[in-house]
Amino acid sequence: MQGKVEICGVNTSKLKTLKNDEMMELLHRSKQGDQAARQKLVEGNLRLVLSVIQKFLGRGENPDDLFQVGCIGLLKAIENFDETKLVRFSTYGVPMIAGEIRRYLRDNSAIRVSRSVRDTAYKVLQCKEKMIAENNREPTLAEIARRLQLPEEDVVYAMDAISLPVSLYEPVYADGGDPLTVMDQVRDEKNTDDHWVERIALREAIGRLNPREKHILALRFFDGKTQMEVAGEVGISQAQVSRLEKSALTAIRKAITVS
């Protein structure tokens, strides 16, 4: 959105804002069927829509499309807002707008989810919107599960299944310098440089052992045989197996430590 002044034909630099008392008065008149008040409400909350769509940018979606979908969420928020509740309209409107955008992105996602899981997810989303309208706050997953009489695990699974994929290059934080991306926060604990170095050092250390020592270690640690079983197979005493095993492990340990 940087440097973009006009979106969907709307000059964002000239968008109006409403004070809370103006907002409540217009909401009251809109509920009475005043279309002019409704229009002013929409125009006065377009900045709210813009603020919500900021976090959905960078996913290859057209900002104009997201703005239009966000406006649909705004209209739903205006329609369902209960002015008798002691809560600011923005507190109620933001999750409604964000929910509409998520639904749009989910329906247009290339990732396919099974029909049964999608049906469960839609029930969860509908229940969530209804509970937000009733309580003017987002319900917990446990509350939604109780309302739908579903196991909480099914609710969690359904919501996870339809969650939007996140690009590894999506910025999550910026403070004047280079932004911190998702990739910067994801670490591969298995395939790291340290592990590769250790494996190379171990391979080289084992390669320096004599054939008998390699054979004994293979029988002991790969085949899982006891020292007595190894002694019978190699044809030496158990004490000799123990000594050769200890000597080989000591040599490997030294080689890795030096590396």
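At roughly what angle do the axes of α6 and α8 cross, and within what distance do they come? The answer is in point 2, after some remarks on the model.

1. Basis of the model. This is a predicted model, in which local features need pLDDT of at least 70 and side-chain atom pairs count only at pLDDT 80 or more, while totals for chains, interfaces and linings use all residues. Residues are numbered from 1 along each chain as its sequence is written, and side-chain values use heavy atoms, with hydrogens and water left out.

2. α6 and α8. The axes of α6 and α8 come within 9 Å and cross at roughly 100°. Axes here are lines fitted to C-alpha atoms, for helices over the stretch in contact, and angles run from 0 to 180 degrees between N-to-C directions. The two helices are therefore roughly perpendicular to each other (65 to 115 degrees; under 35 counts as roughly parallel, over 145 as roughly antiparallel, and the rest as oblique). On the α6 side the contact (heavy atoms within 4.5 Å) is made by V117, T120, A121, V124 and L125; α8 supplies D154, V155, Y157, A158, M159 and A161. By class, this contact has nine nonpolar residues, one polar and one charged. Ala, Val, Leu, Ile, Met, Phe, Trp, Tyr, Cys and Pro count as nonpolar, Asp, Glu, Lys and Arg as charged, and the others, Gly among them, as polar.

3. The chain overall. There are 13 helices and four strands; these are DSSP runs, with helices being H or I of at least four residues and strands E of at least two, numbered from the N terminus. Of the 259 residues, 32% count as buried (under 20% relative accessible area; exposed is over 50%, and partly exposed lies in between, with a 1.4 Å probe and protein chains only). The exposed surface comes to about 16600 Å², of which carbon and sulfur atoms supply 51%; the areas come from the Shrake-Rupley method with a 1.4 Å probe, and for residues only the protein chains shown count as cover. Among contacts in the chain with a separation of 6 or more, 56% are between residues 24 or more positions apart.

4. α3 and α4. Helix α3 (residues 46-53) and helix α4 (residues 63-80) have axes that come within 9 Å and cross at roughly 125°. They are therefore oblique to each other. L46, V49, L50 and I53 of α3 meet P63, L66, F67, G70, C71 and L74 of α4. The contact of α3 with α4 has nine nonpolar residues, one polar and no charged ones.

5. Burial of α3. Six of the eight residues of α3 are buried, so this helix is largely enclosed by the rest of the structure. The buried residues are L46, L48, V49, L50, V52 and I53.

6. L66. This residue is found in helix α4 and, at 0% relative accessibility, counts as buried. Its C-alpha atom is separated by 6.5 Å from that of I53, 13 residues apart along the chain. Not counting residues up to four places away in sequence, L66 touches I53, F56, L57, E61, I101, Y104 and L105.

7. E100. Is E100 buried or exposed? This residue of helix α5 (residues 89-107) counts as buried, at 9% relative accessibility. Leaving aside neighbours within four places in sequence, E100 is in contact with V69, I72, G73 and K76.

8. α1 and α2. Helix α1 (residues 20-31) and helix α2 (residues 35-44) pack at an angle of about 140°, with their axes 8 Å apart. That makes α1 oblique to α2. α1 passes α2 in a left-handed crossing. M23, L26, L27, R29 and S30 of α1 make the contact with A37, R38, K40 and L41 of α2. Five of the contact residues are nonpolar, one is polar and three are charged.

9. Positive phi. N136, in the loop between α6 (115-135) and α7 (141-148), has a positive phi of about 55° although it is not a glycine. N136 is buried, with a relative accessible area of 11%. Q149, in the loop between α7 and α8 (152-161), is not a glycine either and has a positive phi of about 60°. At 72% relative accessibility, Q149 counts as exposed.

Note on methods
Left-handed = near helix turned anticlockwise from the far one by under 90°.
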